[in-house]
Amino acid sequence: MENTKLLLLFLFFFSINLLPSTLAIWLTLPSSGTKCVSEEIQNNVVVLADYVVVPGDHTLSPTLAVKVTSPYGNNLHHKENTTHGNFAFTTQETGNYLACFWVDGGNPKGGDVSVNLDWKIGIAAKDWDSVAKKEKIEGVELELKKLEGAVESIHENLLYLKGREAEMRIVSERTNGRVAWFSLMSLGICIAVSVLQLWHLKRFFQKKKLI
(Lines give C-alpha, C1' and ligand atoms only; values in the text may rest on other atoms or scores of the structure.)
Protein backbone atom coordinates (compact mmCIF):
# COMPACT_ATOMS: atom_id res chain seq x y z
CA MET A 1 0.00 0.00 0.00
CA GLU A 2 2.81 2.34 0.91
CA ASN A 3 4.58 1.60 -2.38
CA THR A 4 1.38 2.36 -4.30
CA LYS A 5 1.09 5.77 -2.63
CA LEU A 6 4.73 6.57 -3.43
CA LEU A 7 4.18 5.56 -7.06
CA LEU A 8 1.09 7.78 -7.35
CA LEU A 9 2.96 10.72 -5.79
CA PHE A 10 5.82 10.20 -8.24
CA LEU A 11 3.39 10.16 -11.16
CA PHE A 12 1.72 13.29 -9.80
CA PHE A 13 4.93 15.33 -9.75
CA PHE A 14 6.11 13.77 -13.01
CA SER A 15 2.90 14.80 -14.75
CA ILE A 16 3.24 18.39 -13.54
CA ASN A 17 6.73 18.63 -15.04
CA LEU A 18 5.72 16.79 -18.19
CA LEU A 19 2.67 18.81 -19.15
CA PRO A 20 3.42 21.67 -21.55
CA SER A 21 3.19 25.04 -19.85
CA THR A 22 1.50 28.14 -21.17
CA LEU A 23 3.76 30.21 -23.40
CA ALA A 24 3.75 33.72 -21.89
CA ILE A 25 5.28 36.34 -24.17
CA TRP A 26 5.96 40.00 -23.48
CA LEU A 27 6.01 42.03 -26.70
CA THR A 28 7.29 45.59 -27.02
CA LEU A 29 5.68 47.20 -30.05
CA PRO A 30 7.23 50.28 -31.70
CA SER A 31 4.97 53.23 -32.56
CA SER A 32 5.22 52.17 -36.19
CA GLY A 33 5.93 48.71 -37.51
CA THR A 34 4.77 45.19 -36.77
CA LYS A 35 5.92 42.44 -34.46
CA CYS A 36 5.00 38.82 -35.07
CA VAL A 37 5.12 35.60 -33.08
CA SER A 38 5.26 32.26 -34.91
CA GLU A 39 4.87 28.71 -33.72
CA GLU A 40 5.18 25.47 -35.68
CA ILE A 41 2.05 23.45 -34.91
CA GLN A 42 0.77 20.13 -36.18
CA ASN A 43 -2.59 19.48 -37.76
CA ASN A 44 -5.70 19.07 -35.54
CA VAL A 45 -4.28 20.85 -32.47
CA VAL A 46 -6.27 23.23 -30.27
CA VAL A 47 -4.79 26.73 -29.87
CA LEU A 48 -5.96 29.31 -27.33
CA ALA A 49 -4.47 32.76 -26.74
CA ASP A 50 -5.22 35.93 -24.77
CA TYR A 51 -3.56 39.28 -25.35
CA VAL A 52 -3.78 42.60 -23.52
CA VAL A 53 -2.09 45.99 -23.66
CA VAL A 54 -0.05 46.56 -20.50
CA PRO A 55 -0.89 49.99 -19.00
CA GLY A 56 1.94 52.47 -19.27
CA ASP A 57 2.59 56.20 -19.16
CA HIS A 58 -0.07 57.03 -21.73
CA THR A 59 -2.84 59.63 -21.42
CA LEU A 60 -4.91 57.53 -23.78
CA SER A 61 -4.74 53.75 -23.83
CA PRO A 62 -3.06 52.69 -27.09
CA THR A 63 -5.07 50.36 -29.31
CA LEU A 64 -3.79 47.45 -31.33
CA ALA A 65 -4.51 45.63 -34.53
CA VAL A 66 -4.04 41.87 -34.42
CA LYS A 67 -3.93 39.36 -37.24
CA VAL A 68 -3.42 35.59 -37.03
CA THR A 69 -2.76 33.56 -40.17
CA SER A 70 -2.23 29.90 -41.01
CA PRO A 71 0.80 28.48 -42.87
CA TYR A 72 -1.13 28.84 -46.16
CA GLY A 73 -2.12 32.45 -45.41
CA ASN A 74 -5.70 31.84 -44.27
CA ASN A 75 -7.01 34.51 -41.90
CA LEU A 76 -7.85 32.94 -38.52
CA HIS A 77 -8.30 36.09 -36.44
CA HIS A 78 -8.33 39.78 -37.29
CA LYS A 79 -9.21 42.56 -34.86
CA GLU A 80 -8.53 46.30 -34.91
CA ASN A 81 -8.83 49.19 -32.47
CA THR A 82 -8.64 46.96 -29.40
CA THR A 83 -6.75 46.90 -26.11
CA HIS A 84 -7.38 43.23 -25.36
CA GLY A 85 -8.82 40.11 -26.90
CA ASN A 86 -8.42 36.42 -27.50
CA PHE A 87 -8.51 33.88 -30.28
CA ALA A 88 -9.10 30.16 -30.44
CA PHE A 89 -8.97 27.69 -33.29
CA THR A 90 -8.17 24.10 -34.18
CA THR A 91 -5.36 23.82 -36.70
CA GLN A 92 -6.23 22.46 -40.14
CA GLU A 93 -2.70 22.59 -41.54
CA THR A 94 0.75 21.66 -40.31
CA GLY A 95 3.29 24.50 -40.30
CA ASN A 96 4.10 27.91 -38.85
CA TYR A 97 1.15 29.87 -37.47
CA LEU A 98 1.77 33.60 -37.32
CA ALA A 99 0.28 36.18 -34.91
CA CYS A 100 1.14 39.79 -35.78
CA PHE A 101 0.55 42.91 -33.64
CA TRP A 102 0.87 46.62 -34.42
CA VAL A 103 -0.24 49.90 -32.86
CA ASP A 104 -3.13 51.47 -34.78
CA GLY A 105 -4.32 54.32 -32.54
CA GLY A 106 -4.45 56.05 -29.18
CA ASN A 107 -0.70 56.70 -29.10
CA PRO A 108 -0.24 60.31 -30.28
CA LYS A 109 3.05 60.82 -28.43
CA GLY A 110 4.58 57.73 -29.94
CA GLY A 111 6.78 55.50 -27.87
CA ASP A 112 6.74 51.77 -27.33
CA VAL A 113 3.65 49.83 -26.30
CA SER A 114 3.87 46.64 -24.23
CA VAL A 115 1.61 43.67 -24.89
CA ASN A 116 1.23 40.51 -22.84
CA LEU A 117 0.41 37.37 -24.84
CA ASP A 118 -0.58 34.03 -23.27
CA TRP A 119 -0.40 31.31 -25.91
CA LYS A 120 -1.64 27.79 -25.10
CA ILE A 121 -1.23 24.85 -27.44
CA GLY A 122 -2.51 21.29 -27.41
CA ILE A 123 -2.72 19.64 -24.00
CA ALA A 124 -2.04 22.97 -22.24
CA ALA A 125 -5.18 24.43 -23.83
CA LYS A 126 -7.45 21.70 -22.51
CA ASP A 127 -10.06 22.66 -19.89
CA TRP A 128 -9.18 20.17 -17.17
CA ASP A 129 -11.79 21.56 -14.76
CA SER A 130 -14.52 20.61 -17.22
CA VAL A 131 -12.95 17.17 -17.70
CA ALA A 132 -12.85 16.63 -13.93
CA LYS A 133 -16.52 17.61 -13.53
CA LYS A 134 -17.65 15.55 -16.52
CA GLU A 135 -15.80 12.38 -15.52
CA LYS A 136 -16.20 13.01 -11.76
CA ILE A 137 -12.53 12.65 -10.97
CA GLU A 138 -10.19 14.66 -8.75
CA GLY A 139 -6.84 14.62 -7.03
CA VAL A 140 -4.43 11.94 -8.15
CA GLU A 141 -6.94 10.55 -10.66
CA LEU A 142 -7.08 13.94 -12.39
CA GLU A 143 -3.29 14.18 -12.44
CA LEU A 144 -3.10 10.69 -13.95
CA LYS A 145 -5.58 11.83 -16.60
CA LYS A 146 -3.32 14.79 -17.33
CA LEU A 147 -0.34 12.44 -17.50
CA GLU A 148 -2.21 10.23 -19.98
CA GLY A 149 -2.96 13.27 -22.14
CA ALA A 150 0.67 14.39 -21.96
CA VAL A 151 1.93 10.94 -22.97
CA GLU A 152 -0.48 10.90 -25.94
CA SER A 153 0.72 14.36 -26.93
CA ILE A 154 4.37 13.30 -26.71
CA HIS A 155 3.61 10.17 -28.74
CA GLU A 156 1.95 12.29 -31.44
CA ASN A 157 4.96 14.65 -31.46
CA LEU A 158 7.34 11.71 -31.84
CA LEU A 159 5.31 10.37 -34.76
CA TYR A 160 5.33 13.85 -36.31
CA LEU A 161 9.11 14.17 -35.87
CA LYS A 162 9.57 10.68 -37.32
CA GLY A 163 7.54 11.69 -40.37
CA ARG A 164 9.53 14.90 -40.76
CA GLU A 165 12.78 12.95 -40.45
CA ALA A 166 11.63 10.58 -43.21
CA GLU A 167 10.72 13.56 -45.41
CA MET A 168 14.11 15.20 -44.80
CA ARG A 169 15.89 11.93 -45.54
CA ILE A 170 14.05 11.62 -48.86
CA VAL A 171 14.92 15.22 -49.74
CA SER A 172 18.55 14.63 -48.74
CA GLU A 173 18.78 11.48 -50.86
CA ARG A 174 17.26 13.27 -53.86
CA THR A 175 19.67 16.17 -53.40
CA ASN A 176 22.64 13.82 -53.14
CA GLY A 177 21.49 12.04 -56.30
CA ARG A 178 21.18 15.30 -58.19
CA VAL A 179 24.61 16.43 -56.98
CA ALA A 180 26.10 13.11 -58.12
CA TRP A 181 24.50 13.42 -61.58
CA PHE A 182 25.63 17.05 -61.81
CA SER A 183 29.19 16.01 -60.90
CA LEU A 184 29.18 13.28 -63.56
CA MET A 185 27.76 15.68 -66.13
CA SER A 186 30.39 18.30 -65.23
CA LEU A 187 33.14 15.68 -65.54
CA GLY A 188 31.77 14.56 -68.92
CA ILE A 189 31.65 18.16 -70.18
CA CYS A 190 35.24 18.77 -69.00
CA ILE A 191 36.45 15.61 -70.77
CA ALA A 192 34.58 16.56 -73.98
CA VAL A 193 36.01 20.11 -73.92
CA SER A 194 39.53 18.73 -73.32
CA VAL A 195 39.20 16.32 -76.26
CA LEU A 196 37.93 19.13 -78.51
CA GLN A 197 40.82 21.37 -77.45
CA LEU A 198 43.35 18.63 -78.21
CA TRP A 199 41.72 17.96 -81.57
CA HIS A 200 41.72 21.70 -82.39
CA LEU A 201 45.39 22.09 -81.39
CA LYS A 202 46.38 19.03 -83.41
CA ARG A 203 44.69 20.41 -86.56
CA PHE A 204 46.25 23.82 -85.95
CA PHE A 205 49.75 22.35 -85.71
CA GLN A 206 49.13 20.16 -88.77
CA LYS A 207 48.06 23.19 -90.82
CA LYS A 208 51.21 25.02 -89.69
CA LYS A 209 53.18 21.89 -90.56
CA LEU A 210 54.67 21.84 -87.12
CA ILE A 211 53.92 18.16 -86.65
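Visitor: Which residue of S7 stands opposite Val-68?

Guide: Opposite Val-68 stands Ala-99, in S7. The model is predicted, with local features requiring pLDDT of at least 70 and side-chain atom pairs pLDDT 80 or more, whereas totals for chains, interfaces and linings use all residues. Residues are numbered from 1 along each chain as its sequence is written, and side-chain values rest on heavy atoms, with hydrogens and water left out.

Visitor: Which elements make up the chain, in order from the N terminus?

Guide: Helices (H or I, at least four residues) and strands (E, at least two) are DSSP runs, numbered from the N terminus. The chain contains three helices and eight strands. Starting from the N terminus, their order is α-β-β-β-β-β-β-β-β-α-α.

Visitor: In what order do the strands of the open sheet lie?

Guide: Strands of a sheet pair through backbone hydrogen bonds, in a parallel or an antiparallel sense. Two strands count as paired if DSSP finds at least two bridges between them. Here, four strands make an open sheet, ordered S2-S7-S4-S5, with antiparallel pairing. Strand S2 (35-41) and strand S5 (75-82) are the edge strands, each pairing on one side only. On average, neighbouring strands of the sheet are turned by 15° against each other, direction ignored; the axes are lines fitted to C-alpha atoms, for helices over the stretch in contact, and angles run from 0 to 180 degrees between N-to-C directions.

Visitor: How many bridges join S4 and S7, and how many join S4 and S5?

Guide: Strand S4 (residues 63-69) and strand S7 (residues 95-105) are joined in the antiparallel sense by seven bridges. Besides Val-68 and Ala-99, Thr-63 stands opposite Gly-105 of S7. Between S4 and S5, also antiparallel, there are five bridges, and Thr-69 faces Asn-75 in S5. The hairpin of S4 and S5 has five residues between the strands, and within this hairpin Gly-73 adopts a positive phi near 85°. S2 and S7 pair antiparallel over seven bridges, with Tyr-97 in S7 as the bridge partner of Glu-39.

Visitor: Which side chains meet in a salt bridge, and at what N to O distance?

Guide: A salt bridge is a side-chain nitrogen of Lys or Arg within 4 Å of a carboxyl oxygen of Asp or Glu. The structure has one salt bridge. Its partners are the side chains of Arg-164 and Glu-40, at 2.6 Å from N to O. Arg-164 belongs to helix H3 and Glu-40 to strand S2, so the pair ties together parts that are 124 residues apart in sequence. Buried means under 20% relative accessible area, exposed over 50%, and partly exposed in between (1.4 Å probe, protein chains only). Arg-164 is partly exposed at 32%, and Glu-40 is partly exposed at 42%.

Visitor: Which residues form a nonpolar patch on the surface?

Guide: Patches consist of residues with over 30% relative accessible area and no salt bridge, like charges being joined within 9 Å and nonpolar side chains (Val, Leu, Ile, Met, Phe, Trp, Tyr) within 5 Å. In this structure, Phe-182, Met-185, Ile-189 and Val-193 form a nonpolar surface patch, together giving about 390 Å² of accessible area. Ile-189 sits in helix H3 (residues 140-207). Its relative accessibility is 48%, so Ile-189 counts as partly exposed.

Visitor: Which residues does Thr-83 touch, beyond those up to four places away in sequence?

Guide: A contact requires heavy atoms within 4.5 Å. Thr-83 lies in the loop between S5 and strand S6 (84-90), and its relative accessibility of 26% places Thr-83 among the partly exposed residues. Leaving aside residues up to four places away, Thr-83 touches Val-52, Val-53, Ser-61, Pro-62 and Thr-63. The C-alpha atoms of Thr-83 and Ala-65 are 8.8 Å apart, although 18 residues separate the two along the chain. For the chain, among contacts between residues at least 6 apart in sequence, 76% join residues at least 24 apart.

Note on methods:
Accessible areas come from the Shrake-Rupley method with a 1.4 Å probe; for residues, only the protein chains shown count as cover.
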